[in-house]
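Thank you all for coming. I would like to walk you slowly through one protein model, so please keep the sequence and the picture in view while I talk.

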Amino acid sequence: MAKKKSEENDVVPLKNGAMPMVASGKVEDAIREKHQNISFTDTPKYYVKEKQGFDYVDEGYMRHVLNQFYPAWNWEIIKYELLGSEWIAVQGRLTIYDNGICRNYDSISSHRIQKKRESDEFVDIGNDMKAANSDAFKVAVNRLCNVSDDIYRKRIETPELSEKQ
């Protein structure tokens, strides 16, 4: 029996009703166009911060854009890991629904554990864990959804060829 295309989003449902990981040309084109538009949206300067000579984007802004363009999303912590007594690493997975297609991206990040100057006591391990988590989340949002491509230098320019070229 032939599969029927959904009138709504041109995605072919599987027999069990689950959404497939593949889409028709129309859906793929819509995904490409959406990502291109997001990629070429400049991040408002108010949300761009600087630390140790590097620009970064406020996590709240990235979450706001994610909510606007991908309202059905999920961030899942896969694993936290202490790397000795100096670093904490986190692996997380961002899952979005993009034009009816479920997509995900795994991201990792680490953060140096802050210690008191006079001893080896941790200052606040919870804040260190949150910092690693936020960094992993922001990497996933940027890589999967193209949010703040201008700041993270991920924007792909395709120069038009002149008639001579």
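Predicted model: local features only at pLDDT ≥ 70, side-chain atom pairs only at ≥ 80, totals over all residues.

Residues are numbered from 1 along each chain as its sequence is written, and side-chain values use heavy atoms, with hydrogens and water left out.

Now to the overall plan. The protein has three helices and five strands, where helices (H or I, at least four residues) and strands (E, at least two) are DSSP runs numbered from the N terminus. Read from the N terminus on, the elements follow the order α-β-β-α-β-β-β-α. Of the 165 residues in the protein, 30% are buried, and here buried means under 20% relative accessible area, exposed means over 50%, and partly exposed is in between, with a 1.4 Å probe and protein chains only. If we take the contacts in the protein with a separation of 6 or more, 52% of them are accounted for by residues 24 or more positions apart, a contact being heavy atoms within 4.5 Å.

Strand β1, which covers residues 48–51, and strand β2, which covers residues 54–57, pair in the antiparallel sense over four bridges; two strands are said to pair if DSSP finds at least two bridges between them. Besides the pair I opened with, K51 stands opposite F54 in β2. Two residues lie between β1 and β2 in this hairpin, and Q52 in the turn has a positive phi of about 50 degrees although it is not a glycine. Why is that worth a remark? Most residues other than glycine have a negative phi. Is Q52 buried or exposed? With a relative accessibility of 72%, Q52 counts as exposed.

The next part is the sheet. Three strands form an open sheet in the order β3-β4-β5, and the pairing is antiparallel. The edge strands, each pairing on one side only, are β3 (73–83) and β5 (101–112). Neighbouring strands of this sheet are turned by 15 degrees against each other on average, direction ignored; for such angles, axes are lines fitted to C-alpha atoms, for helices over the stretch in contact, and the values run from 0 to 180 degrees between N-to-C directions.

Looking at the strands one by one, β3 pairs with strand β4 (residues 87–98) in the antiparallel sense over ten bridges, and E81 stands opposite A89 in β4. Also in strand β3 is E76, which is partly exposed with a relative accessible area of 36%. Leaving aside residues up to four places away in sequence, E76 touches Q91, G92 and R93. In the loop between β4 and β5 we find N99, which has a positive phi of about 55 degrees although it is not a glycine, and which is partly exposed, with a relative accessible area of 31%.

Strand β5 contains H111, and at 19% relative accessibility H111 counts as buried. Which residues does H111 touch, not counting those up to four places away in sequence? They are E86, W87, I88, D128, A131 and A132.

Finally, the helices. Helix α3 (residues 125–145) lies across β3, β4 and β5, and runs at about 140 degrees to β5. The axes of helix α2 (residues 59–69) and α3 come within 10 Å and cross at roughly 40 degrees. The two helices α2 and α3 are therefore oblique to each other, since angles under 35 degrees count as roughly parallel, over 145 as roughly antiparallel, 65 to 115 as roughly perpendicular, and the rest as oblique. The crossing of α2 and α3 is left-handed, a word used if the near helix is turned anticlockwise from the far one by less than a right angle, whereas clockwise would be right-handed. The contact is made by E59, M62, R63 and L66 of α2 together with S134, F137, K138, V141, N142 and C145 of α3.
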